[in-house]
Each structure stands twice: as C-alpha cells, then as structure tokens.
Amino acid sequence: MHMTRLTAAAGAGAVVLALAACAGGGASDSVAPAAQAKPAGRSAGTVSIYAYSVPKAGFDKVIPAYAKTTGGEGVTFQQSYGGSGDQSRKVAAGAPADFVLFSLEPDVTRLVDAGLVDPSWNSDEHKGIAMGSVVTIVVRKGNPKGIKDWDDLLRPGVEVVTPNPFSSGGAKWNLLAPYAVKSEGGQNQAAGLTYVEKLVTGHVKVQPKSAREATETFLQGTGDALLSYEAEALFAERAGDPVEHVTPPQTFKIENPIAVIRTGRNVKAAQAFRDFNFTPEAQELWAQAGFRPVDQTVAAKHSSEFPAPQKLWTIDDLGGWKKVDGTLFKKETGSIAVIYDRATR
C-alpha cells in the first residue's frame, strides 16, 4: 500500500506545558516544572535540561540522587522533553538550555557548529556518551503475530509504528538497525535500502514526532509492532502495559550523548551535573531505568537484564555519523530521506 496514508500522529497522552522564554515549543514537548534538588536554605541556581523524550524515567531517579550530594545542594532543574532533532533545533534557535541529553551525536554537533557546545565535549573516556540502549521490536502481549526478526515486519498485514526521522533521533536508530543488517554493515547498500523502502512504504502508517509519542500511539492500539529503544520497551513493560519486546538476533547499538551549553546561565552547575551522570551511583540508576550503562562494572552487574545480541552493529560500522547523516538522512538528497519524501506525497 502506498504511503499516502502516512500521517503524523500526536500522542494524546503527552503532557504539554508552557516554559517561560522557551523558543519554538511544539507538540512533542513535555516540559516538567523545576524540581528542587535539595531543600536547602540557599539556591545554587536552576539547570535547564533539554532532552529527547525517553530518558525522563532516568532523570526521575538521577535528579533526586543528585539532591543528596554536596554538588546538588540548592540546585533546581527545569526539564523539557521531545523529539531529539526538534529539541536540538530549539536550543540552536535560542531556547534557554544549560544541559542537553540527545538521542544521537548529530544533534549535539548542530550545537557545536552554532558555538553553543565546546568542540571538546566528547573528548573524555566515554566520548560524551553517558548511557545507551539497543533497537528492539515491541509487540502485543503474547506476540500474536509471531514477530521475531526483521523479515517478519514485512509480512502482509503487519503494521509498524516508528517515529519520523526528521524530528526523532530514535527513528534514525530504528531504521539503521535493519539497514545495517540487510546491507551487511553498509557493504550492500542497495539491499539495505530495499528493505527500508518496503518497510516504510508498505507497513508504516503513522509518524509520531518522538519515541515517547510512538509508544503512546502503539499503546492506544495502533499497529502490530513498534520499533523502539530497549529502554522504552522496558519502561512500558514495567509500567504494566500489555506489551513485550523481542530483540532480533542482529540489531543496532544506541549511544546517547550529553553535553553542557557553554553559553548557558548556569554552566558550573550544569558541568557538575554532567559529571555526576558518569559516577557509579548515577550509572546504577540509569541501569535501573532500563538504559545500558557505560560504566563496565555497573554493566556487568546488570548483564542478565541487557543480553548481548548475536551481532550488534554500530554507527562506526557504517562509517560514522557524518557519513550516515549525509548519505542517508540529509533532507532531499539522503537515500532514506528520499524514501520518506516519496512515501508522504
């Protein structure tokens, strides 16, 4: 079926609140009020977080823990969530951010190019990556369609939910996973693109703006399968939603970068919070929230919760983000971008 039916779906359950002086708010925003890190007698200022939609569950654990540290005394947090690309563009346009956590590296690179993030943001041991996940397939409880691998998504009648890659970083990861598998790490690009075109034109009927909106759309009854972060799948399962996830034998490694806005209003506090996210305590909390920690000791402790796929492709296997974004996702010329453009005509 041609994709003239492909529409943008807004998650009805998304909470949208106004953030004073925030530039470019949109339907994918979910803005949380300032949360005080510690009820102290003095104020150390407010750290404004702009993040993609999924890690709110992690911040709900990490921020209260930071409250109990000396560095967290008196710090408050303002939080804004939405599609990673959308959030990055808002910060570039002037939204008052101090700290960002995005789905993928190009959304930080945009801010480096704008002079808002120091070019050395990823020069540390973990290359600026504080946590990660893998691409997985979320299905209805009991897996009634018997979906186990990428080819199962192309069976007649199977409808797939995945966000729009022009607004959501998660959408890019979701498409890179089968592309990498079918192209054998980019060695057979035609085979990878053939799969993506069949998936998008024949099986994807809606385009939510963020990974969280995609989850809400799926939970409301749309589709037979949801492409998502493993972390988001675990969040839904632990919340008691009637879903389960299936990780294909071959899938893709997701790496989520964090950075400090060097022109922000509270750089010192934002830098301290950034550093806290790499501590064993915070890494443990991110693991509890369903994210794969970058601290290897913490990761080993949670190995049973985060099983290793038979093959885990990485962005480096495809030549890095600069190459991937330019050849696959650049508007009007990227191979996958062109597929989406044709599908929505």
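Begin by selecting asparagine 143, which sits in the loop between E5 and E6; helices (H or I, at least four residues) and strands (E, at least two) are DSSP runs, numbered from the N terminus. The structure on screen is a predicted model, in which local features need pLDDT of at least 70 and side-chain atom pairs count only at pLDDT 80 or more, while totals for chains, interfaces and linings use all residues. Residues are numbered from 1 along each chain as its sequence is written, and side-chain values use heavy atoms, with hydrogens and water left out.

Asparagine 143 has a relative accessible area of 14% and is therefore buried (buried means under 20% relative accessible area, exposed over 50%, partly exposed in between, with a 1.4 Å probe and protein chains only). Display its backbone torsions: although asparagine 143 is not a glycine, its phi is positive, at about 50 degrees. Most residues other than glycine have a negative phi.

Next, select lysine 148, in the loop between strand E5 (129–140) and strand E6 (160–161). Lysine 148 counts as exposed because its relative accessibility is 59%. Beyond its neighbours within four places in sequence, lysine 148 is in contact (heavy atoms within 4.5 Å) with Val246, Pro248 and Pro249.

Aspartate 152 is buried, since its relative accessible area is 17%. Its side chain reaches the backbone nitrogen of aspartate 149 at 2.9 Å. Setting aside neighbours within four places in sequence, show Gly146, Ile147 and Val158, with which aspartate 152 is in contact.

Then select aspartate 295, in the loop between strand E10 (292–293) and helix H10 (296–301). Aspartate 295 is buried but has no salt bridge (a side-chain nitrogen of Lys or Arg within 4 Å of a carboxyl oxygen of Asp or Glu). Its nearest side chain of opposite charge, lysine 301, is 10 Å away; Lys and Arg count as positive and Asp and Glu as negative, with His and the chain ends not counted. A polar atom of the aspartate 295 side chain lies 3.0 Å from the backbone nitrogen of threonine 297. Not counting residues up to four places away in sequence, aspartate 295 touches Pro280 and Gln283.

Finish at glutamate 332, in the loop between helix H11 (321–329) and helix H12 (335–343). Glutamate 332 has 68% relative accessibility and so counts as exposed. Its phi is positive, at about 75 degrees, although glutamate 332 is not a glycine.

Methods:
Polar contact = N/O pair within 3.5 Å; in protein donor to acceptor, adjacent residues only side chain to side chain.
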